[in-house]
Amino acid sequence: MGACLALCSIASCASCLCGSAPCLLCGCCPSSNNSTVTRLVFSFFLLLGTMVSVIMILPGMETQLRKIPGFCQGGTTIPGIDNHVNCDVIVGYKSVYRMCFAMTCFFFLFAALMIGVRSSKDPRAPVQNGFWFFKFLILVGITVGAFFIPDGTFHSVWFYFGVTGSFIFILIQLILLIDFAHSWNKVWIENAENSDNKCWFAGLLSFTFLHYALAFTAVVLFYVYYTQPDDCTEHKVFISLNLILCVIISIVSILPKIQEAQPHSGLLQASLISLYTMYVTWSAMTNNPNRQCNPSLLSLVANVSTTPSPGDSTPGTVQWWDAQGIVGLIIFLFCTLYASIRSSSNTQVNKLMQTEEGGGSGGEGVVGEDGIRRAVDNEEEGVTYSYSFFHFHLCLASLYIMMTLTNWYQPDTTTQAMQSSMPAVWVKMSSSWLGLGLYLWTLIAPLIFPDRDFN
């Protein structure tokens, strides 16, 4: 009886899997917009690929696979059966590279396919908003094919693709954080003014103080643990320069002229950007191959030295899970979810992110002729976001996930080791400087171009 009910349930969902997005998640969010549901499903594909990559890179996974009889080359054998699977490829950093390569190709394919879509009446719009089962099959097919790519120079070449894509994605993360902070500040100030409740102002002040306190604490810890009196000159420059830049944007954000042009700008946004800048600075310093300037978290907590001896030329042990990688994943998850559900009224951010001004939370779901409650198609007159740019954003996110899970280590396919590299350090630091410059531009642009609308 249970099996029959399960089959009936699967049959009832078949139309949703092959149909449109409003049908797929309408049971959970019947009042959602078509555009929001579609973005959530595509983001779920990305998160699903991320989970698979995390499982593949777990320590000891290869050892467990080699215990399966007749599976891995060089593992436990079964008489009469040859072990054909190369477990060096399906686990470890190689598997992450190939999984993220597949996701990048998948989203890039849709980014190219959706160029120029203006409304849901476009013949390509149903492809964007439906056929999820077939999309999943395409992703699985690309993933399987990626694992058959010969080693050769694939990992070394794809590393530089990952570095470039991650650089751009870090900037996109900063744009999303700026948008989030602006929306947060605007909503809380409006609530305080409309309700005459000073608790909203107290909340803004508390979070602003918390962000600055964490950023200042981070600076102190950086000087203590990531610099040496006679070494680590780069780290001293990085920390000092970003500290000065954070002070500058904080001062500029509260200047009278800036407040007059942008009443909702303030220290909350500057404090959040400062805290994020300190995270990027820390993340960059953890990629420094000089262990004197880059102590591991284990050495800081347990007071254990991880500096290699002068005569030791072998690569260090690969540390899959470190603190900056975990924080990076958390920020990535937040930005991905926010990009899927955001409805911004910030004109500058909407132009940068290729979205239109948000129009609220959407209407009530409608019931179709088949009795299924569907979400609202809010894109009949025009799309609320650029389909192509959204997929390009997920394409860059796939590359960022690849670099984050592998700690930005440069692969060496001959020794199957991974080593930190200075290019990753400079990529992260340059992205932090460009991001601070971008935020500073959002503050002073209304003064430089008073005739343009920057609200």
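## Aromatic rings and a greasy patch

Let's start with the rings: the structure, a predicted model, holds 26 aromatic pairs. A pair of aromatic rings is described by the distance of the centres and the angle of the planes. Take F42 and F110: their planes sit at 65°, so this pair counts as edge-to-face, with 5.7 Å between the ring centres. The two come from distant parts of the chain, 68 residues apart, with F42 in helix α3 (residues 34-57) and F110 in helix α6 (residues 93-113). Both F42 and F110 are buried.

Here are two of the pairs side by side:

| Pair | Centre to centre | Angle between planes | Type |
|---|---|---|---|
| F42 and F110 | 5.7 Å | 65° | edge-to-face |
| F159 and Y160 | 5.2 Å | 80° | edge-to-face |

In the second pair, F159 is buried, with a relative accessible area of 0%, whereas Y160 is partly exposed at 48%.

F42 and F110 also belong to a cluster joined by ring pairs, together with F45, F106, F107, W132 and F136.

On to the surface. F136 turns up again here, in a nonpolar patch with F131, F133, F134, L137, V140, V144 and F148. Together these residues have about 750 Å² of accessible area. F131 sits in the loop between α7 (125-129) and α8 (132-146), and is partly exposed, with a relative accessible area of 37%.

Finally, what about L268, buried or exposed? L268 is buried, since its relative accessible area is 3%. This residue is in helix α13 (residues 267-285) and touches residues including A181, W184 and F207.

Terms used: Residues are numbered from 1 along each chain as its sequence is written. This is a predicted model: local features need pLDDT of at least 70, side-chain atom pairs count only at pLDDT 80 or more; totals for chains, interfaces and linings use all residues. Side-chain values use heavy atoms; hydrogens and water are left out. Helices (H or I, at least four residues) and strands (E, at least two) are DSSP runs, numbered from the N terminus. Buried means under 20% relative accessible area, exposed over 50%, partly exposed in between (1.4 Å probe, protein chains only). Contact means heavy atoms within 4.5 Å. Patches are made of residues with over 30% relative accessible area and no salt bridge: like charges are joined within 9 Å, nonpolar side chains (Val, Leu, Ile, Met, Phe, Trp, Tyr) within 5 Å. Accessible areas come from the Shrake-Rupley method with a 1.4 Å probe; for residues, only the protein chains shown count as cover. A salt bridge is a side-chain nitrogen of Lys or Arg within 4 Å of a carboxyl oxygen of Asp or Glu. Rings of Phe, Tyr and Trp (its six-membered ring) pair if their centres lie within 6.5 Å; planes under 30 degrees apart count as stacked, over 60 as edge-to-face and the rest as tilted. Lists of a residue's contacts leave out its neighbours within four places in sequence.
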